[in-house]
Each structure stands twice: as C-alpha cells, then as structure tokens.
Amino acid sequence: MRAWCKGARYSPTATDRFYRGTPAFAFGFGLSYTTFAYSELQLPQHVQLCSDIPVSVTVLNSGSVVADHSVQVYISQQNNASSAATPVVRLVAFTKLHQLKPAQRATALLLIKASAMAQVNEYGERTLGPGTFVASVNGWQGPGQGRAISGMGNVLSMSFELVGVERALSACHD
C-alpha cells in the first residue's frame with residue numbers, strides 16, 4: 001500500500017531523510033571501547049543505471065581492545081538530474097566485522113544495490129536517475145549529520161557518477 005495517492009504531491013518534510021538541521025545523535029551512534037581507522041576506499045567512478053555498485057574499504061582496529069565494528073556506506077547526491085526529491089543522506093549498505101584484534105586490518109566488501117539508489121517521485125513511483133553522488137564510508141552517519149563520535153573512525157568519501165536515462169526501477173528488471 002502506498003503512503004500517498006498517485007498524483008498527490010510528495011512532501012520532502014514527511015521524513016527525517018530530508019532534514020537539514022543537526023540531529024543530537026547521528027545514525028549509527030554508539031559507544032566502543034576501541035577506535036577504528038578507514039583506508040583504501042574503492043568503488044567505480046562511473047556506474048550505469050540499474051547496476052549494483054561494489055565497494056571495498058580497509059578497516060584497522062587502531063585501539064587496544066578486540067572488538068566488532070559496523071561498516072556503513074552512506075550516499076548523498078551532489079546534483080539532481082532526476083525528477084524525484086533527493087534525501088540529504090541515506091544509508092545504502094552495511095556489514096559487520098567481527099573480533100578485530102588490536103592492529104588487525106580487515107577488508108569490508110559491500111554492495112550498493114541499484115534499488116537502494118532509487119528515489120520516489122511525486123507520483124509515488126520508484127525511479128533511478130543520473131547524477132553525481134558521494135559515497136561516505138565509516139561507522140556512523142558522518143560529519144554534518146550529528147555530533148562527532150570519538151572512536152567511530154575517520155570518514156572516507158569518494159564521488160561517482162550514475163549514468164543513463166531516468167527510468168522506473170521496475171524497468172531495471174526487464
């Protein structure tokens with residue numbers, strides 16, 4: 001069931017995904033007994049619409065305690081060539097690394113599904129459109145999206161271009 005009627009105007013204020021203020025706590029906020037450092041972020045620079053996007057990043061337990069860590073990928077759109085409203089930032093992939101020992105490195109492999117890149121247009125249809133995006137990888141939502149959290153690690157960011165002609169997400173499965 002759709003949350004709004006077809007033909008009705010979508011309100012960007014209907015969800016916190018469009019909130020431009022500073023929340024008290026960033027999504028992913030949590031405490032840790034250790035610290036983590038990110039390096040070697042890799043993802044393609046040009047991606048065809050409807051394609052999944054592989055992401056890899058190296059995570060170092062830079063603290064002194066064995067710990068698990070959640071690696072999160074967020075995207076923000078730099079230009080909006082689509083007809084759909086664009087969220088400020090959104091979580092599109094995550095994974096958990098288990099039992100990282102002090103000074104141990106692990107490579108996190110994540111996949112941004114094409115469906116995670118879809119946006120809802122004013123008619124309630126999920127669409128994919130071209131544009132420039134920034135993927136940010138870390139253990140929390142990132143700078144400007146809440147207060148900084150010690151121990152959650154540095155933020156790595158990389159731009160990529162989604163290329164093609166805007167289409168309904170359902171057309172991607174044909």
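In which loop is Cys50 found? Cys50 sits in the loop between strand 2 (46-48) and strand 3, where strands are DSSP runs of E with at least two residues, numbered from the N terminus, and helices are DSSP runs of H or I with at least four. The model is a predicted one, in which local features need pLDDT of at least 70 and side-chain atom pairs count only at pLDDT 80 or more, while totals for chains, interfaces and linings use all residues. Residues are numbered from 1 along each chain as its sequence is written, and side-chain values use heavy atoms, with hydrogens and water left out.

Although Cys50 is not a glycine, its phi is positive, at about 75°. Its relative accessibility is 23%, so Cys50 counts as partly exposed, a class that lies between buried (under 20% relative accessible area) and exposed (over 50%), with a 1.4 Å probe and protein chains only. A positive phi, near 70°, also occurs at Ala103, again a residue other than glycine. Ala103 belongs to the loop between strand 5 (90-100) and strand 6, and with a relative accessible area of 61% it is exposed.

The protein chain as a whole contains zero helices and 11 strands. If a contact means heavy atoms within 4.5 Å, then residues 24 or more positions apart account for 75% of the contacts in the protein chain with a separation of 6 or more.

Three of the strands form an open sheet in the order 1-3-6, with antiparallel pairing; two strands pair if DSSP finds at least two bridges between them. Strand 1 (36-42) and strand 6 (105-112) stand at the edges with a single partner strand each, so one side of each has no neighbour in the sheet. Neighbouring strands of this sheet are turned by 25° against each other on average, direction ignored, where the axes are lines fitted to C-alpha atoms and angles run from 0 to 180 degrees between N-to-C directions. Strand 3 (residues 53-61) is joined to strand 6 by eight bridges, and the bridge partner of Val55 in strand 6 is Leu110.

Elsewhere in the chain, one aromatic pair is counted, by a rule under which rings of Phe, Tyr and Trp (its six-membered ring) pair if their centres lie within 6.5 Å, with planes under 30 degrees apart counted as stacked, over 60 as edge-to-face and the rest as tilted. The rings of Phe133 and Phe160 have centres 5.5 Å apart and planes at 15°, so the pair is stacked. Because Phe133 lies in strand 9 (residues 131-138) and Phe160 in strand 10 (residues 156-163), the pair ties together parts that are 27 residues apart in sequence. Both Phe133 and Phe160 are buried.

Confidence is expressed as pLDDT, the predictor's score for each residue from 0 to 100. The protein chain averages 79, and 70% of the residues score at least 70. Among the elements, strand 7 (residues 119-120) has the lowest mean pLDDT (85) and strand 6 the highest (97). The value stays under 50 over residues 1-10, for which the model has 17 contacts beyond four places in sequence, and also over residues 143-151, for which there are 21 such contacts. Where pLDDT is low, the predicted coordinates should not be read in detail.
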